[in-house]
Every structure is written in structure tokens, then in C-alpha cells.
Amino acid sequence: MDVTQASTLFEALSSGVRLELFRLLVRFAPDGLVAGEIAKHLQLPSTNLSFHLKGLLHTGLISVEKEGRFLRYRANIPLMLDTIAYLTEECCAGHPEKCAQYREQSPVVAAVLPSCRCK
């Protein structure tokens, strides 16, 4: 991943609606949700939802698959993980003791944090 791709992804997620939409699809991974289910969860009218889905589709953060008359949307989990890795790959410039301090300070469960790549 490069800075241009990362910037595009973060720009797409800078909308509160798109961020919640993406997090919803992550929660329902790998099965995803059809558009009507997404609209119910987020309490969005279909026209508004369509606009935000299109923005996320354009970046590759989500995918869509036709199922009969319905469209099923799924989060691109590998791209999400690549983005997290991009943010953390140079953490602490090779000083693992610093990473350990930050991990202790974080309220996030250790299992959710990316592995420390300090060398």
C-alpha cells in the first residue's frame, strides 16, 4: 500500500455514515448484508445509502454480489488488514520496548492489536 491508496481509503471513511457502514459490514463478515438490511441497521433512506455504498465500492473497501433481486455487500477484510498494517508497520522505529508501553496504555484488547513488527 502506498500513501495515495491509504489517503483514498481514509477519505472514503471520513464520513461518519460510511465509517459506520463499513464497521457494520465488518461485524457481519464474511456473509455481509443486503442493502435493505444495511438500511434498517443504519436507519438510512435507500437513496442516501446508495450514495455511501458507491463511495466505498469505488475504493474497494467493500464488494457487491447480485443474489437474485438483491445486492449483497461485504467488507474487504484483507484490504482493512492491509490498511492497519500500513499504519503500524514502522511503529517505534525498531524499539520494541516503546511498542510494549503503548500497548499497555491502550484500552484495546491485545488480541485485536496488530503484532509488533519491531526489529
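Begin by selecting Cys92, which is buried, with a relative accessible area of 14%. The model is a predicted one. Next, select Cys91, which is partly exposed at a relative accessible area of 33%. How many disulfides does a search of the whole structure find? The search returns zero.

Proceed to the largest nonpolar core, which has 19 residues. Select Leu25, Ile38, Leu56 and Leu61, the members that touch the most other members of this core. Helices H1 (3–13), H2 (16–27), H3 (35–42) and H4 (46–59), together with strand S3 (70–75), each supply at least two of its residues. Helix H2 gives the most to this core, with four residues. In soluble globular proteins, nonpolar side chains tend to be buried together.

Now centre the view on Ile38. Leaving aside residues up to four places away in sequence, Ile38 touches Leu21, Leu24, Leu25, Leu33, Leu49, Leu53 and Tyr73.

The next selection is Thr83, located in helix H5 (residues 77–88). Is Thr83 buried or exposed? Thr83 is buried, because its relative accessible area is 9%, and buried means under 20%. Apart from residues up to four places away in sequence, Thr83 touches Met1, Leu9 and Phe10.

Finally, turn to the surface and select Val108, Val109 and Val112. These residues form a nonpolar patch there, with about 280 Å² of accessible area together. Val108 is found in the segment after helix H6 (96–105), and Val108 is partly exposed, with a relative accessible area of 38%.

Methods: Residues numbered from 1 in each chain as written. Predicted model: local features only at pLDDT ≥ 70, side-chain atom pairs only at ≥ 80, totals over all residues. Heavy atoms only, no water. Patch = residues over 30% accessible without salt bridge, like charges linked within 9 Å, V, L, I, M, F, W, Y side chains within 5 Å. Areas by Shrake-Rupley, 256 points an atom, 1.4 Å probe, with all protein chains shown as cover. Salt bridge = Lys/Arg side-chain N within 4 Å of Asp/Glu carboxyl O. Buried < 20%, exposed > 50% of the residue type's maximum accessible area, 1.4 Å probe, protein only. Disulfide = S-S within 2.5 Å. Contact = heavy atoms within 4.5 Å. Core = buried A, V, L, I, M, F, W, Y, C linked by side-chain atoms within 4.5 Å.
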